[in-house]
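Okay, everyone, thanks for coming.

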Amino acid sequence: MHFSDERAFSRWFIIISSLVIIVLVLWNTSIFFEQIKQNERAKMEIWVGAFSEMSKTDVNEPISPLIIPIINTNRTTPMIIYNVKEDTYDSKNIPRKKIETREEIERLVEDFKTQNTPIKATDKGEVLQIVYYGNSSILNKLKYFPLVVLLIISLFVVIVYYFYATSKSSEQNKLWAGMAKETAHQIGTPLSSLVGWAQILKEEGTNPSYLKEIEKDIDRLQVITERFSKIGSMPKLEKTDIVKATRDSYEYLKARSSNLIEFSLDLPKEETFVLLNEQLYSWTIENLVSNAIDAMRGKGKLKIEMLRSEKWVRILVSDTGKGIPSNKFHKIFVPGNTSKKRGWGLGLSLAKRIVEQYHNGKIKVLKSELGKGTVFEIKLKRV
């Protein structure tokens, strides 16, 4: 499984787990809410019954000692009592400023009706009062409880995911840096031997043209070794003419590529300076060109051009290859993501690291059409 697949699996696992937790919380909160609401309904029915009995009691008759405590204990449920015969309203547990006019009372009644079914107080089948009541303060607070829980869960998931992503990224970076430095160390030993053998061949009068090619390859191996040794550490950037650096990389690649690749170069004539590590920049261009040649299956047109603005230099590498689906524009820069049967899928990932982390630039797929080709863009700040 590629690193990108592992991250995708972990990401979906966290998302699905979070959704399950959220559903369980909402479900249990809903059950809890309904239970409290039913309990309040039962209390309200008892209260209405007690209020009805007290209303029917004659002024001169003593009130049952059981009624008064029931009436007085309900201090949380807001209610409006409509007296049917008198066509008047009474209220309980509602601030007076909210019901100063009959219109305000009737609006509140309509609101209460949406919250709970009114309870009717009857006597011998005749409706004497209708009690409209709203949710208590506890129920109203409970409405926002799921939102608080969701916020806490979301925050927890974000923290866990961020910790996992950063630790995984740090672990992978250390792994790649260690592998790169070890590769540089391993190449260094036979490279030193090759330098010695080249010197011996020169002293023995070997054909100079052969020695020249050998020395070119030795120089190339030295450049590669130095590149790998710099992975994991911040490289030194120097003020460099990027036009010349791009032309040098282009000429090297063109000389060592198939004649079936039609190269073209479009660069400004004037010098253009950026802060650059020339070796790592050359490596980036090579990775993009190599990726383009693979996309064209060794045959097609490849163009490198440079565009300038007041603040930026844009280097475009275009090919006539198979193209990239738009949903994979970002995925191709993920370590381990490759469509090749052989390869580790590190080329474009390294290119992104070199451009964005080391040079504070930008690299992206500018555009791509399936079956027509792709254009990569590198942006670097001018100095």
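So, K372: its relative accessible area is 57%, and since anything over 50% counts as exposed, K372 is exposed. Keep in mind that this is a predicted model. The side chain of K372 meets that of E369 in a salt bridge, 3.6 Å from N to O. E369 itself is partly exposed, at 45%.

How many salt bridges are there by this rule? The count is eleven.

Now look at E270 and R308, whose side chains form a salt bridge at 3.0 Å, N to O. This pair links distant parts of the chain, 38 residues apart: E270 is in the loop between β6 and β7, and R308 is in strand β8. Both are partly exposed, E270 at 46% and R308 at 36%.

On to the sheet. Five strands make an open sheet, in the order β6-β8-β9-β11-β10, with mixed pairing. Which strands stand at the edges? Those are β6 and β10, and each has a single partner strand, so one side of each has no neighbour in the sheet. From one strand to the next, the twist averages 15 degrees.

Further in, β9 and β11 pair in the antiparallel sense over eight bridges, and V317 sits opposite F376 in β11. Then the helices: α7, residues 278-295, packs on the sheet and touches β6, β8, β9, β10 and β11. Helix α6, residues 242-255, lies across β6, β8, β9 and β11, running at about 170 degrees to β6.

Technical notes
Residues numbered from 1 in each chain as written. Predicted model: local features only at pLDDT ≥ 70, side-chain atom pairs only at ≥ 80, totals over all residues. Heavy atoms only, no water. Pairing = 2+ DSSP bridges. Helix = DSSP H or I, 4+ residues; strand = E, 2+ residues; numbered from the N terminus. Axes fitted to C-alpha atoms, helices over the stretch in contact; angles between N-to-C directions. Contact = heavy atoms within 4.5 Å. Salt bridge = Lys/Arg side-chain N within 4 Å of Asp/Glu carboxyl O. Buried < 20%, exposed > 50% of the residue type's maximum accessible area, 1.4 Å probe, protein only.
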